[in-house]
Structure formats: C-alpha cells, structure tokens
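Me: I'm new to reading protein structures. Could you take a close look at one part of this one with me, and then show me the surroundings?

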Amino acid sequence: MRTDPSERIRAVYEHGLQFAGLLSPEGILLETNPASMAFIDAEREDVLGQLFWETPWWSTGEERERLRREVGRAAAGEVVRYEVSAVGHTGKVSVFDFSLVPVRDEHGEVEAIVAEGRDITELHHAREELRRSEARLSAILTGVLDGIVSVDQDQRIELFNRGAELIFGYKAEEVLGEPLTTLIPENFRASHNDHVRRFAEGPENAMLMDQRGAIQGRRKNGELFPAEASIARSAPGGQQIYTAVLRDITRRREAEEERERLALREREARQAAEAATRARDDMLRVVSHDLRNPVTGVLMGTRMLRRQLDEGDPALEILEGIELAAERQRRLIRDLSDVASIETGRLSIERRPHEVAALVRSAVHGFETLAEQRAVRLDWKAVGDLPPVLADRDRVVQVLVNLLDNALAVTPEGGRVWIEAAADDGQVELAVHDTGPGIAPEDQARVFDRFWRGEQASRRSGSGLGLAIARGIVEGHGGEICVESEPGRGATFLFTLPRAEPDA
C-alpha cells in the first residue's frame, strides 16, 4: 500500500520540525505544528488567528519588533534567516535557526509565509565555547613573551603570535604564508631543513630544536640572535602542522658572558691579592726576624748598663727612655707577626685545661701598679663556680692584657676597671668592663678592624692591632668576642672560651 505524499509531508510538518508555522502576508498565524505548541504548553486555538509577533513564543519587545520587520521583508518576497532565542514554558532558553520563506501564487504574488525553526541550542553552546576557547588561546598567544610560530607541511607560516613579532621585528601579516626560512640565517637553513625532516620521520611528537645548544634566528633588520626552541607536531585533518616555541636568549647570553668576565676579573684580583698577601707575609717574616734580634739586643744592653750605673745617675733616665722605646718596638713586631699568622690561619694555639682565676690573675698582675698610679680601681670577680677552660694560656692572657690596656687607657681618674667571669652552657664568658667615655654606636662595628682607632684611642700611642689580634685569638679557640657600650657609660668587651671536659 502506497503512502499519499501529502501524508508524508504532513508527518514531517507535525513531527520532524521543532517549530513550523504558516503565516499570512500580514503576519497572522494560520497554522502551526504540535512541537511548537508543546514548547509553550498551549493549544492551537490559543494562538491561531493572532499576529505572529504577539504570540507567547516571543518574550521581549525587542524580539517582537524585529520579527514584525522580518515578516514585512518576507511578505515583500525576501527569504529571511537569523538566530533567535525563545523561552519555553519550563523556563529553558532555546536557540533556534529561524527562517521565513515566502510562498508565491501562480502570478508570483506572495500568498503565504512559511515560518520554520530548528533547535540549535547545543550547537550554539558549542560555538560559544569554541569562541571562548579561541579567545582564551588568542589571549595566551598574545600575552606570552615567547615566540610561537606554526607552519604547515610545506613549512609556510600559519601562526605568528605577538611574542614572535617582538622577537623577529615582523608584523604577523608580513610573514603569514611565507616560508619559515625567512626567519632563519642563510647558513643555517640547510641544517634546519634536515632537522625538521628527521623530526618528521621520527617517533617523537615534541623535542628541542637543537639538543646541543642554542639555535640562531634572523630578525627583520638582518640581525642574528641566539635562541632556545622546542618543536611539536600534530596532524589535524591529516595535514602535518609544526609549532615551534622560541625564546630569545640574547640578554641571558650577554649576562652569562658578563658573569664570565666578572669571574675572570675576580680570579685575577684574588690571585693578585694572594700574591700581595704572600709578599706582605714575607715582609713581616723579614721584619720579625731581622728587627726582633736587634731590639732584643738593645733591651739586653740597656739592662746591663742600668746595673752598672749608680742610683741617681742622670744616664738612668736616658736608659729608661731607650728601654721603653725598644719594648714598644718589640710589642709592635709581635703584633704584626700575630696578625699575619691570624690572617693566614697559622696562629699557634696549644690548648690545655686552665683555671680561669689563674689566667685572670696573670693578666691583672701586670697592671696593678699602673692602675694605682692612675687612681683607677682594678679588680675581678667570678660568678658561681667556674669550670676550667680548654685554652692556650699565653694567648688568653694576651687577650686580657690587650683589653685591660685599652680599658685603663680610657678610664679617667677615680674610675673602675673590672673583670667578670661566669659559666654559660658549655663555655665560660669573660667580660672586661670600664667606666670610660664609651664607644659611639657607629664605631662599635669597627673596633675589631685592623689599624682602626676610635677617637679615644687616637689620643694615645699604639698600633691599632690589639683588638684585631684579640678577636683572632678568641675565634681561634672557637669562641666569640663582642663589645657592648653606651656613650658616657663605659664599655664592656665580652668573649667566650670552651670548657675543658673532664678527660681533656
């Protein structure tokens, strides 16, 4: 049994379209299909006979006004097609590919208009997502500073981002469709083509352009520059696409070269400094050896002469002056020798257990007469029981002597200089206090520098090496030394020594 063609058309009309309707040239709805009625949950008699743009399918005045205009165009004989959104009875918004097609009579006059809508909501969403993805990709390609260049299988440029424009100096429109060799120095083109060929034939889908180092690029102005690049391939639609990500490393290369130059200069300066240090050490050894003996001879001679002169002899005063000057020279020679030993790490330190009280008494004993002459009170006290320290006796006494000498030199008549000692967490801390003028905050960081002399120290004789030597000796014992002072309230020099273990 054959189906009537009109029945087949009716079936398509009734069930095959999301929206189908027939309008008069004036825009009156003459017919519609069940799917369109279900969309708005209405009956045919509710809408037939109404102006199409006043029916419930159109929710806004803007949509109704546009539809009225488009119906007028269709009534004039134009085929109209556009996308429109409509809200169904469930509140869901659907997008339709909507068209108005004029139907003409035998005289060519428009006698009706066929309205048709296909639901393209999913397609619309997919297109919107594609547009957003393309916008995101475009933003990434535009914002990234690396150059991104894509070429087809014939190595003609298809993509040239903003980073590539900045690197090469070309605008994208200048190079799109051009061969990639436009961006490659002539003497590198053959090796580049060979590299791409091997990459195309190999199993990898991504790799560095040159595993051995940087490649070379060519700017629009002809300038060559070093670059790092990686390349990836894909085959959309069966067509090979190669995408390279390229980074200009000119500045990095310049920075590396500058670092190399600076490192070379540093090595040369260090070698020169080491040579100067060796020369200085040689000189100090000569000074220590060649001057120590004559000075010792002078001291021995003055003491022998002193024993041969009678009390009250005017020559005794001259001999005392010579002896004092010789003693200062011997001390200076010793200080220079100690500084050289400290700086070269050859300071001799022989550690043995020693009682702290014995070390302090040895240092204080030599200053008792001087303190009495200057009317300065000199004493010391221990806080709690003190364990023995593991130290070089002579070196620790030398530190205390240097600190006491400085303290007595700056303490005024009627003042006080004293030493305190206390055990503290595996070590012993010794402090030399004075009631002198104190040390300015800006000078405290420099007091242990070689040859540095503060305002008070500059008023008296001395080499300016005593505190530097004290620091070297203390650090040689594994301890620390520092100064605490407030101008007008004296100064305190503190240093630590390791405790001697019972089996030391």
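**A close look at Gln155**

Reply: Happy to! Leaving aside residues up to four places away in sequence, Gln155 touches Glu178, Pro179, Leu180, His192, Asn193 and Val196. Keep in mind as you look that this is a predicted model. You will find Gln155 in the loop between strand 6 (147-151) and strand 7 (157-160). Is Gln155 buried or exposed? Gln155 counts as buried because its relative accessibility is 17%, and the cut-off for buried is under 20%.

Now let's step back to the whole chain. Buried residues make up 36% of its 504 residues. The chain exposes about 29700 Å², and carbon and sulfur atoms supply 51% of that area. Its secondary structure comes to 15 helices and 18 strands. Among contacts with a separation of 6 or more, 54% join residues 24 or more positions apart.

How far can you trust the picture? The mean pLDDT of the chain is 81, and 82% of the residues reach 70 or more. Over residues 1-6, though, the pLDDT is below 50, and beyond near neighbours in sequence this stretch has one contact in the model. Where pLDDT is low, the predicted coordinates should not be read in detail.

Five strands form an open one in the order 2-1-5-4-3, with antiparallel pairing. Its edges are strand 2 (29-32) and strand 3 (80-87), each of which pairs on one side only. On average, neighbouring strands of this sheet are turned by 25° against each other, direction ignored. Helix 4 (residues 61-75) packs on the sheet, where it touches strand 1 (19-23), strand 3, strand 4 and strand 5. The direction of helix 4 makes about 150° with that of strand 3. Within the sheet, strand 4 (residues 93-104) and strand 5 (residues 110-119) pair in the antiparallel sense over nine bridges.

Finally, have a look at strand 9 (residues 215-218), where the side chains alternate. Strand 9 pairs with strand 10 (residues 224-234) in the antiparallel sense over four bridges, and Arg218 stands opposite Leu224 of strand 10. The two strands form a hairpin with five residues between them. In that turn, Gly222 has a positive phi of about 90°.

Notes
Residues numbered from 1 in each chain as written. Predicted model: local features only at pLDDT ≥ 70, side-chain atom pairs only at ≥ 80, totals over all residues. Heavy atoms only, no water. Buried < 20%, exposed > 50% of the residue type's maximum accessible area, 1.4 Å probe, protein only. Pairing = 2+ DSSP bridges. Contact = heavy atoms within 4.5 Å. Areas by Shrake-Rupley, 256 points an atom, 1.4 Å probe, with all protein chains shown as cover. pLDDT = per-residue confidence, 0-100. Axes fitted to C-alpha atoms, helices over the stretch in contact; angles between N-to-C directions.
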